[in-house]
Amino acid sequence: MQLSFKNLTKSYGPRRVLDDISIDLPDAHAIAVIGPSGGGKTTLLRTIAGLERPDCGQLSIDGELLRFDDTSLLLHRRSIGTVFQAFNLFPHLTALENILLPLEQAHGYRHPEAVEAAESILKRFQLEGHADKKPAQLSGGQQQRIAIARAIAIKPRFLLLDEPTSALDPEMTAEVLDIIGELQDEGRDLLLVTHHMGFARTAADYCLFVADGRIVENGPADRLFAEPKSKELQQFLGRVMRY
Amino acid sequence: MGNMLSAIWSQPEDGSAPPLFSRIVAFTTVLLLISALFWFAFNQLQYGWNWGAVWQYRQKFLQGWLTTLLISAAALCLSLLISVFFALARRSRLLPLRYLSLLYIEVVRGTPLLVQILVFFYVVADAVGVSNRYAVGILTLALFAGAYLSEIIRAGIESVGESQLESAAAIGLTRLQTYRFVIFPQVVRRILPPLTGQFASLIKDSSLLSIIAVSEFTLNAQEVNAFTFSTLESYLPLAVGYLLLTLPISLFSRYLEQKYRYAT
C-alpha cells in the first residue's frame with residue numbers, strides 16, 4: 001500500500017488534529033502508526049478509512065486520488081476493512097450474522113455463498129464454535145477476532161486497525177496480535193495504530209510517528225526504533241519504553 | 001411463620017425467578033388484600049345496586065367496546081406510521097423537516113387532547129369538508145399518540161451508540177441499510193415497553209372521542225347511565241372493558257421483552 005498526503009488538514013472546532021500533512025510514503029506492506037494520545041493518529045486512520053472528510057487537502061492510495069463525495073466514500077469504505085478499538089460488533093446479531101451482514105448487503109453475496117465464506121474464516125480463526133453466539137456472550141478477545149474476521153471476509157484491498165487491542169487484557173491482546181501477525185505474514189497490506197511498541201517494531205515494515213497533527217518522523221520500523229532522529233520521537237520512545 | 005416468610009421472600013441477587021409456589025402465594029395475597037379493601041369500601045356505600053337495568057343494554061356495551069377496539073386499532077397503526085415519519089424527520093438533514101417535526105411534537109404534547117379533538121373536528125375537518133367523525137377521530141387520536149411515540153422512537157434511535165453507526169459506515173452500509181439492519185432491529189427491542197404503555201394510553205384516550213359523538217365504549221356507557229340512572233353499574237363494566245384491551249397488550253409486551261432479551 002502506498003500513501004500520499006497533500007496539505008491534509010482537519011480541525012475539530014479550534015483544535016487542529018491534522019495539520020497540513022504533505023508527504024509521499026514509500027510502498028509498504030505493514031505500516032504501524034505510533035505517537036502520543038491526541039496526536040492525530042486515529043484521525044489520520046479514519047481519513048484513510050473514508051470515515052472522516054478533511055477540511056482541505058488530498059489523499060492518494062496506491063496512486064489513486066480519494067474523492068470525498070458520499071458515493072465515492074461509500075465505495076471506498078466497501079473496498080477496505082476497518083477494525084476499531086472496541087465495540088465493533090452489532091450486539092443484536094450473532095457472530096456469524098455480523099460477518100454475513102457486509103457480505104450480503106454491501107458486497108452482493110448470495111446467502112449460501114456468504115455463509116460459506118464466513119464459516120471458512122471463522123474456522124480459520126478457530127471461532128467456529130462461537131458462530132451462533134451474541135457478542136455479549138464472547139470475551140473481548142473473541143469479539144475483536146470476529147471483528148477482524150468480518151473485516152477480511154470481504155477480501156479488502158487492505159486492513160486498517162485502530163488500536164485493536166487497547167480495550168483488552170494482556171492475554172486477549174496476545175491472541176489478537178497473533179492474528180494480525182499472521183495476516184501480515186501472508187502478505188496482506190495493513191495499517192495499524194498501536195501502543196504496542198514491540199509489536200509495531202516486529203510486525204510492521206514501515207512506521208509513522210504522528211504527534212501534534214503532523215507526521216513528525218517516518219521510516220522503516222527497525223530504523224525508527226533503533227535510531228530515532230527527531231527530538232519528539234526520542235522523548236516519546238524514552239517515555240513509553242521506560243516500563 | 002419462618003416458612004411463610006421464606007415462601008414469599010425473593011432473593012433478587014441470584015437473578016433467577018422465584019419458585020412458582022411463592023409467586024402464586026404472593027400474588028393471591030396481594031389480590032385478596034386489594035379485593036378486601038374495595039369490598040369494604042363498596043359495603044360502606046349503602047348503594048342500591050340495579051344490575052338488571054344495565055343488563056338490558058348489554059348489546060350497547062358490546063357494540064361500543066367493539067367500536068373502541070376498531071378505532072384504537074386503526075389509530076394505533078396510523079400513529080406508528082406517523083411517529084416513524086416524524087422521528088426520522090426530526091433527524092433529517094433537511095432543516096424545515098426537522099422544525100416541522102419539532103413543532104408538531106411540542107404543540108401536540110403540550111395541549112389537551114380534548115381541545116385537539118374539538119379543533120380538528122369543528123374547525124379543520126369542517127374547513128376541508130370532511131364530516132365523517134370516525135375518520136376525524138381516528139386521525140386526531142393517531143396524531144396525538146404519534147407525537148409521544150415519535151419521541152420514544154427518537155430516543156430509541158439515539159440510544160444506538162455512535163460506535164455502531166461508525167461500524168456500519170465502515171463495513172460499507174448505506175444510510176438506509178444502517179437504519180434497516182442496525183438501528184431499527186435494536187430500537188424495536190428497546191422501545192417495546194414504553195411503546196406498549198403508550199398503546200394502552202391510546203386505547204384509554206379514545207374515550208375522549210365521546211365528545212364529538214363517536215359512538216365508542218365510553219359514550220355508550222354514558223348513555224346507559226342516562227337511561228338507567230345506574231352510574232356505577234354503567235361505569236364499572238367500562239373499566240373492565242378497557243382492562244380487557246390493555247392487559248393483553250402489556251402481557252404481550254412482557255413476552256416480547258423476554259424473547260428479545262440480550263445484554264448490550
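User: What should I know about numbering and cut-offs first?
Analyst: Residues are numbered from 1 along each chain as its sequence is written, and chains are lettered from A in the order in which they are written. Because the model is predicted, local features need pLDDT of at least 70 and side-chain atom pairs count only at pLDDT 80 or more, while totals for chains, interfaces and linings use all residues; side-chain values use heavy atoms, with hydrogens and water left out.

User: How is the size of an interface given, and what is the area buried between chain B and chain A?
Analyst: The size of an interface is often given as the accessible area lost when the parts come together. Here the buried area (accessible area, 1.4 Å probe, that two parts lose on being put together, summed over both) is about 1800 Å², with 61% from carbon and sulfur atoms. B:E166, B:A170 and B:I171 supply 29% of the area that chain B buries against chain A, more than any other three residues.

User: How many residues does each chain bring to the contact?
Analyst: Contact means heavy atoms within 4.5 Å. Chain B gives 21 residues and chain A gives 20 residues.

User: How many salt bridges are there between chain B and chain A?
Analyst: A salt bridge is a side-chain nitrogen of Lys or Arg within 4 Å of a carboxyl oxygen of Asp or Glu. The count between these chains is two, and one of them joins the side chains of A:D70 and B:R93 (4.0 Å, N to O).
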